[in-house]
Amino acid sequence: MPRVAAAFFAFGVLCVLGGMGWGMHMGAINDFAMAPVHAHLNLLGWVTMALYGTFYTLTATTLSERLAWSNFILSALGVLLMIPALAMYLQTSDHKYVPALIGGEILTFLGMVVFGISVARELLRRRG
């Protein structure tokens with residue numbers, strides 16, 4: 001497994017542990033106001049990262065390290081910025097968190113664009 005794939009899985013595991021703990025806490029106190037944050041953390045932080053890691057594992061011999069690591073950095077930073085900003089915005093309704101939220105959204109979007117380039121590169125590569 002390429003190191004970048006392991007990095008995606010490691011980050012994803014941290015996110016899903018946080019998401020599961022958050023979900024357990026919400027259930028314990030019967031307050032689900034943060035459910036959108038919990039869902040974003042699990043979907044972007046765990047599912048998406050695990051899918052990225054799986055793709056880069058399956059394409060280990062042909063992947064572009066530069067694209068894969070760019071994908072990881074953009075995506076991880078996006079999640080790290082977006083999740084707390086979304087939580088603070090939902091908790092306070094204060095628009096001062098919106099720029100950080102938008103920044104996180106843009107980073108995760110750019111991460112997906114880089115992933116799309118990696119997928120297209122794999123799809124279009126010459127097979128021998």
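The lining of the largest cavity divides by class into four nonpolar, three polar and two charged residues. Here Ala, Val, Leu, Ile, Met, Phe, Trp, Tyr, Cys and Pro count as nonpolar, Asp, Glu, Lys and Arg as charged, and the others, Gly among them, as polar. The residues in question are Phe 55, Tyr 56, Thr 59, Leu 63, Ser 64, Leu 67, Ser 118, Arg 121 and Glu 122. A cavity is a set of points on a 1 Å grid over the protein atoms alone where a 1.4 Å probe fits but cannot get out, and lining residues have an atom within 4 Å of a point. The volume of the largest cavity is about 50 Å³, and the count comes to one cavity of 30 Å³ or more. Grid points are joined across faces, edges and corners, and a volume is the space filled by probe spheres set on the points.

Before going on, please note that this is a predicted model, in which local features need pLDDT of at least 70, side-chain atom pairs count only at pLDDT 80 or more, and totals for chains, interfaces and linings use all residues. Residues are numbered from 1 along each chain as its sequence is written, and side-chain values use heavy atoms, with hydrogens and water left out.

Now step back to the whole chain. You will find four helices and zero strands, in the pattern α-α-α-α along the sequence. Helices (H or I, at least four residues) and strands (E, at least two) are DSSP runs, numbered from the N terminus. The C-alpha trace spans about 55 × 30 × 20 Å along its principal axes.

Helix α2 (residues 35–58) and helix α4 (residues 98–124) have axes that come within 12 Å and cross at roughly 25°. That angle makes α2 roughly parallel to α4. Axes are lines fitted to C-alpha atoms, for helices over the stretch in contact, and angles run from 0 to 180 degrees between N-to-C directions; under 35 degrees counts as roughly parallel, over 145 as roughly antiparallel, 65 to 115 as roughly perpendicular and the rest as oblique. Contact, meaning heavy atoms within 4.5 Å, is made by Thr 48, Tyr 52, Phe 55 and Tyr 56 of α2 and by Gly 111, Met 112, Phe 115, Ser 118, Val 119 and Glu 122 of α4. By class these are six nonpolar, three polar and one charged residues.

Helix α1 (residues 3–29) also meets α2, with axes that come within 8 Å and cross at roughly 160°. This makes α1 roughly antiparallel to α2. Their contact has 19 nonpolar, 10 polar and no charged residues.

Finally, look at α1 beside helix α3 (residues 65–92): the two pack at an angle of about 15°, with their axes 9 Å apart. They are therefore roughly parallel to each other. The α1 side of the contact includes Phe 8, Phe 11 and Trp 22, and the α3 side includes Trp 69, Phe 72 and Ile 83. By class, this contact has 14 nonpolar, one polar and one charged residues.

Note on methods
On a 1 Å grid over the protein atoms alone, a cavity is a set of points where a 1.4 Å probe fits but cannot get out, and a pocket is an open set with protein on both sides within 12 Å along at least five of seven lines; lining residues have an atom within 4 Å of a point.
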